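Please look through the sequence and the model shown here before reading on.

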Amino acid sequence: MPAPLMPTYGAPPITLVRGEGTRVWDDQGREYLDLLTGLAVCSLGHCHPAVAEALSTQSRTLLHTSNLFANPIGPEVATTLDRLLGTPTWADGWTGDGPRGRVFFANSGAEANECALKLARLVGGRGRHVVVSALGSFHGRTLATLHATGQPAKHEAFQPLPEGFRHVAWENIDALEAALDPSVAAVLLEPLQGEGGVNPASAAYVHAVRRLCDERGILLMFDEVQTGLGRTGRWFGHQHFDVVPDVVTTAKALGNGVPIGACWARAEVAEVFSPGDHGSTFGGQPLAAAAAQATLAALEDLDAPGRAVARGTRLADALVDLPSVASVRGMGLLLAAELDGLASKPVADACLAAGLIVNAVTPTALRLAPPLTVSEAELDEAVAILGRVLAQAAEVPA
């Protein structure tokens, strides 16, 4: 008898019951190399000892307080995020002395983006509330973040969606400039479109967007839900471009598997919020905050950005030499292998059958987002599996 779950995800191909580092096991005892890490969530690998210990200790100390009371961990996590967002030093001269911005904690990336969208409307004021985002982007599944998402096919079943969103072609600065009328409060961008196909922005585009936002008095908001916390080779993806953002959201890797999201804003932007304007019953509660605190400490000890560059370069160099791989794109350890003449979904399915977890991010591209703790030997093992799968797939007549 099927479980009484809503059919929002289709039928999962396997049931996972255990994880350790880069490996997971299903309920039949089969072992898999996980090069997707729960959609770029478990950057420290599955069941990292420091995170597990923090959760165990906190679960015996204090689980939840609601937002009516403070807990000592959330402010420490906010301070670390603020420092990492200023690393390296800001282009406007900030050197890391004292907080540069303020953080709101949520439970997910979508909720973190909801906070950003509400901030934009408060800063813009009545009549200046439109948020412009890029086609191909992904910003969440709530009604507002769904409309912010630049994938019109995902909108159709849920019309009418909240008003106040506009989409422009990715990497087209002329299209963006044409869309910036007086009703626009903010531009929301991913420095690398993850769900849209692992498409990195160019430095020229990001600098041009920053210039336009400055000229028009518009907020520049980066959605770093997937790209944050070291995965691209910098603590945050926008830091590749040396631009100063007004708002940054992050989530996936923040709790290494425990649901938590964060919306950071420059202090003068965050100050538009008054008590009661926004909130979350669970956001930043002690258990999730403890997971984030342990995760951030472990990522810093690991030198997560440096590890992402080193391992990512090794993986990209190996992937591009495989049969039927036309090109490899991405940053750090967030990569896509573009296939030549093969559909990605059957290849991803064959990889799973062979013990390797990747996903078909577009009809012709595979996404790979291994844990930043992945070893060179594990990467070599994964590439060998993928190579065998691709060679076999290429032998099957189309």
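Does arginine 100 count as buried or exposed? At 11% relative accessibility, arginine 100 counts as buried, where buried means under 20% relative accessible area, exposed means over 50%, and partly exposed lies in between, with a 1.4 Å probe and protein chains only. Arginine 100 is placed in the loop between helix H3 (73-85) and E4; helices (H or I, at least four residues) and strands (E, at least two) are DSSP runs, numbered from the N terminus. Leaving aside residues up to four places away in sequence, arginine 100 touches Asp82, Trp90, Asp92, Trp94, Val244, Trp264, Arg266, Ala267 and Glu268, a contact being heavy atoms within 4.5 Å.

## Basis of the model

This is a predicted model, in which local features need pLDDT of at least 70 and side-chain atom pairs count only at pLDDT 80 or more, whereas totals for chains, interfaces and linings use all residues. Residues are numbered from 1 along each chain as its sequence is written, and side-chain values use heavy atoms, with hydrogens and water left out.

In soluble globular proteins, nonpolar side chains tend to be buried together. A nonpolar core is here a set of buried Ala, Val, Leu, Ile, Met, Phe, Trp, Tyr and Cys residues joined through side-chain atoms within 4.5 Å. The largest nonpolar core has 63 residues, and those with the most contacts inside it are Leu81, Leu229, Val347, Leu356 and Leu386. Helix H9 (residues 286-302) gives the most to this core, with 10 residues. Apart from this core lies another, of 31 residues, which includes Ala40, Tyr205, Val209 and Ala336.

Valine 347, one of the residues with the most contacts inside the largest core, touches Leu339, Leu342, Leu366, Leu386, Val389, Leu390 and Ala393, when residues up to four places away in sequence are not counted.

## Helix H11 against helix H12

Helix H11 (residues 344-353) and helix H12 (residues 376-395) pack at an angle of about 130°, with their axes 10 Å apart; axes are lines fitted to C-alpha atoms, for helices over the stretch in contact, and angles run from 0 to 180 degrees between N-to-C directions. H11 and H12 are therefore oblique to each other, given that angles under 35 degrees count as roughly parallel, over 145 as roughly antiparallel, 65 to 115 as roughly perpendicular and the rest as oblique.

## Helix H2 against helix H9

Helix H2 (residues 49-59) and H9 pack at an angle of about 150°, with their axes 8 Å apart, and H2 and H9 are therefore roughly antiparallel to each other. In this pair, Ala50, Val51, Ala54, Leu55, Gln58 and Ser59 in H2 meet Pro286, Leu287, Ala290, Ala291, Ala294 and Thr295 in H9. By class, the contact of H2 with H9 has 9 nonpolar, 3 polar and no charged residues.

## Two further buried residues

Alanine 106 has its place in strand E4 (residues 101-106) and, at 1% relative accessibility, counts as buried. With residues up to four places away in sequence not counted, alanine 106 touches Glu111, Ala112, Ile260, Gly261, Gly283 and Gly284.

Leucine 146 lies in helix H5 (residues 143-148) and counts as buried at 5% relative accessibility. Although leucine 146 and alanine 110 are 36 residues apart in sequence, they are 8.8 Å apart in space, C-alpha to C-alpha.

## Backbone features

Most residues other than glycine have a negative phi, and most peptide bonds are trans. Alanine 40, in helix H1 (residues 37-40), has a phi near 65°, a positive value in a residue other than glycine, and alanine 40 is buried, with a relative accessible area of 2%. Cysteine 47, in the loop between H1 and H2, has a positive phi of about 55° although it is not a glycine, and cysteine 47 is exposed, with a relative accessible area of 58%.

The peptide bond from glutamine 159 to proline 160 is cis, with omega near 0°, and proline 160 is found in the loop between H5 and strand E6 (165-168).

Methods. Ala, Val, Leu, Ile, Met, Phe, Trp, Tyr, Cys and Pro count as nonpolar, Asp, Glu, Lys and Arg as charged, and the others, Gly among them, as polar.
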